[in-house]
Amino acid sequence: MSLCLPPGSTAEVSSIELDASGLLLLASYRDNSNRLWDLRTTRCLSQRFKGHRNVNRHFIRSCFGPSSSVICGGSEDGVVYLWAKSGSLVGQLRGHAPGLSVSDLCWSPR
């Protein structure tokens with residue numbers, strides 16, 4: 001299985017995470033996108049999680065939320081982005097100082 005983008009793209013994978021079921025893989029790319037992969041079929045699903053910035057300075061991570069129903073992603077603009085599993089943006093968590101990136105995050109079990 002390859003986590004490549006379509007032919008002609010040069011984006012790098014910045015992180016990967018497996019969902020709780022072990023059937024979906026979330027891949028973060030340095031082209032401002034996150035994509036879901038179905039490990040049973042080894043195909044990229046149609047959802048695109050966009051809005052965050054991930055191109056220059058850091059390897060930005062994304063993760064699954066509780067029950068893998070939400071995707072959460074860091075960003076070079078200092079905002080944490082929340083997407084529904086369908087791909088729609090459902091929230092933004094602001095509060096970091098200007099110029100700082102959110103490069104890693106995880107859900108608290110409490």
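Colleague: In which strand of this predicted model is the place of Ser28?
Modeller: The model is a predicted one, and the strand that holds Ser28 spans residues 24–29.

Colleague: Is Ser28 buried or exposed?
Modeller: The relative accessible area of Ser28 comes to 0%. Since a residue counts as buried when that value is under 20%, Ser28 is buried.

Colleague: With which side chain does the side chain of Ser28 make a polar contact?
Modeller: A polar contact calls for a pair of N or O atoms within 3.5 Å. The side chain of Ser28 has such a contact at 2.8 Å, and its partner is the side chain of Asn34.

Colleague: How many helices and how many strands does the protein chain have?
Modeller: Read from the N terminus on, the elements run β-β-β-β-β-β-β-β. The secondary structure of the protein chain accordingly comes to zero helices and eight strands.

Colleague: Which strands are the edge strands of the open sheet?
Modeller: Four strands form this open sheet with antiparallel pairing, in the order β5-β6-β7-β8. An edge strand pairs on one side only, and this holds for β5 (62–64) and β8 (89–93).

Colleague: Which residue in β6 stands opposite Ser62?
Modeller: Strand β5 and strand β6 (residues 70–73) run antiparallel and are joined by three bridges. The residue of β6 that stands opposite Ser62 is Gly73.

Colleague: What share of the residues in the protein chain is buried?
Modeller: The protein chain has 110 residues, and its accessible surface comes to about 6,100 Å², with 54% of that belonging to carbon and sulfur atoms. Of the residues in the chain, the buried share is 40%.

Technical notes. Residues are numbered from 1 along each chain as its sequence is written. This is a predicted model: local features need pLDDT of at least 70, side-chain atom pairs count only at pLDDT 80 or more; totals for chains, interfaces and linings use all residues. Side-chain values use heavy atoms; hydrogens and water are left out. Helices (H or I, at least four residues) and strands (E, at least two) are DSSP runs, numbered from the N terminus. Buried means under 20% relative accessible area, exposed over 50%, partly exposed in between (1.4 Å probe, protein chains only). A polar contact is a pair of N or O atoms within 3.5 Å; within protein, one must be able to donate a hydrogen and the other to accept it, and residues adjacent in sequence count only if both atoms are side-chain atoms. Accessible areas come from the Shrake-Rupley method with a 1.4 Å probe; for residues, only the protein chains shown count as cover. Two strands pair if DSSP finds at least two bridges between them.
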